[in-house]
Amino acid sequence: MINPLRGMKDLTFEESQRFNFIVNTATTVAKRYGYNYIETPILEETALFKRSVGESSDIVGKEMYQFEDKGGNDVCMRPEGTAGIVRAFVSAKLDRQPMKQKFYYYGPMFRYERPQKGRLREFHQFGCESFGEASVYEDFTIITMIKQIFDALGIGFELLVNSLGCPTCMPTYRENLVAYLTNIKEELCSDCNRRIETNPIRVLDCKNETCQSLLTASPKLIENLCEECDSDFKKLTALLDKADISYTVDTNLVRGLDYYSKTAFEFVSSEIGSQSAIAGGGRYDRLVEFLDGKPTPAVGFAIGIERIMELVKMPETKREGIYMGAMTQEAVEALFPLAEQKRKESKVTVEYNSKGFKSHMKGADKANARYAVLIGEDELKEGTVWFKDLESKEEKSVLLGEFTFKMHLP
Ligand code: HAM
């Protein structure tokens with residue numbers, strides 16, 4: 001038997017309903033906030049992710065599904081959505097238009113990580129990217145949008161926020177941090193030692209407990225922001241306070257992707273184990289320029305769909321559509337044109353085998369149908385169908401012509 005690859009999953013039955021419910025709910029909210037659907041290829045040039053997510057990030061350094069295609073091109077299955085959407089934004093020359101552009105997307109992402117609960121090699125994100133708005137009100141609005149999505153799905157969360165500064169304040173902070181880290185170098189783990197050289201900010205979110213205890217006295221970026229970043233961050237937290245959205249300022253929240261500046265945030269859940277991040281995002285004002293576009297401020301987020309799958313409170317499934325069955329083989333034949341007609345307006349399940357009444361009623365229940373429509377010998381003779389509303393329990397015989405053309409079932 002051939003199984004799916006390690007860290008990859010089929011989405012069947014109940015799970016696919018949850019998946020669709022999440023995507024539909026998030027789509028409804030994103031549309032209310034003015035977002036339009038965008039789809040970009042799963043396969044992109046590897047250079048795209050190296051330049052955007054960053055060569056020193058774990059994603060690019062260790063986790064990419066990267067290979068040479070038959071034409072000798074260095075390509076990669078997207079590990080995240082933002083880079084491709086920025087590339088599409090620049091490819092379509094949208095960076096030259098004065099309009100603000102907002103996109104939502106969902107689809108599979110690929111990271112060659114060690115699989116565990118909540119961590120897959122193929123997983124799905126729902127994300128939004130907003131281009132052209134530098135105001136911190138947009139960062140706040142994006143956070144309220146995620147809150148609306150999680151509220152609509154019945155998911156509780158904790159919100160962590162931080163500021164990652166900008167080219168004015170980050171370089172000085174990085175120097176101070178490197179000086180601090182170099183002093184304690186011997187006590188830090190090997191990963192952190194490597195990161196001091198390649199990406200010192202990432203040392204801050206090392207999961208090693210010894211490293212974390214040594215970092216409590218490290219310089220904090222939040223206390224060393226330039227005037228603009230400081231004022232934006234204070235405005236963001238003031239807006240969150242005013243909207244009664246509780247949050248924690250996490251000075252070690254650096255995110256695993258290199259393109260962020262200013263606002264960075266993560267939504268976490270305490271109910272799903274160690275892989276607790278259910279959404280993450282922030283501002284990336286320089287990425288469009290990095291990918292050869294005109295400088296364009298941008299902010300966005302992505303939700304990990306699999307991580308929230310079991311947290312979602314699904315609405316009760318209602319009886320829906322029509323179950324059609326016949327008691328004789330001749331009547332089975334009569335069902336098909338009827339079913340075809342009704343399928344123009346409703347979901348229809350047809351039983352191909354002639355069966356007894358009780359057996360059909362069981363079938364209607366199994367199909368969770370709202371209406372049962374049965375044809376037997378008598379009905380066939382009289383040109384009628386027997387019909388029952390399985391919710392109100394009302395039942396009657398209806399002339400075939402009337403049933404086909406005049407009755408409006410949901
Ligand atoms: P990210 O934090 O790398 O951000 O991923 C977003 C979410 O995807 C995570 O919070 C998590 O729920 C889910 N996720 C990540 N890796 C896995 C995995 N291996 N298995 C299951 N779920 C996973 C980004 O990808 C950014 N592009 C978000 C963004 C959009 N920032 C700005 N715009």
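## Ligand contacts

A backbone N or O atom of A277 is 2.8 Å from an oxygen atom of the ligand. On its own the ligand has 660 Å² of accessible area, and the protein covers 96% of that (Shrake-Rupley method, 1.4 Å probe).

This is a predicted model, in which local features need pLDDT of at least 70 and side-chain atom pairs count only at pLDDT 80 or more, while totals for chains, interfaces and linings use all residues. Residues are numbered from 1 along each chain as its sequence is written, and side-chain values use heavy atoms, without hydrogens and water.

## Shell around the ligand

The ligand is surrounded by 26 residues, of which E80, T82, E113, E129 and Y260 are the closest (a heavy atom within 4 Å). By class, 12 residues of this shell are nonpolar, 7 polar and 7 charged; Gly counts as polar and Tyr as nonpolar.

Among the elements, β10 contributes the most to the shell, with 5 residues. Strands here are DSSP E runs of at least two residues, and helices are H or I runs of at least four.

## Overall fold

The protein has 15 helices and 16 strands. Its C-alpha trace spans about 95 × 50 × 45 Å along the principal axes.

Of the 410 residues, 51% are buried (under 20% relative accessible area, 1.4 Å probe, protein chains only). The accessible surface is about 20,700 Å², with 50% belonging to carbon and sulfur atoms.

Technical notes: A polar contact is a pair of N or O atoms within 3.5 Å; within protein, one must be able to donate a hydrogen and the other to accept it, and residues adjacent in sequence count only if both atoms are side-chain atoms. Buried means under 20% relative accessible area, exposed over 50%, partly exposed in between (1.4 Å probe, protein chains only).
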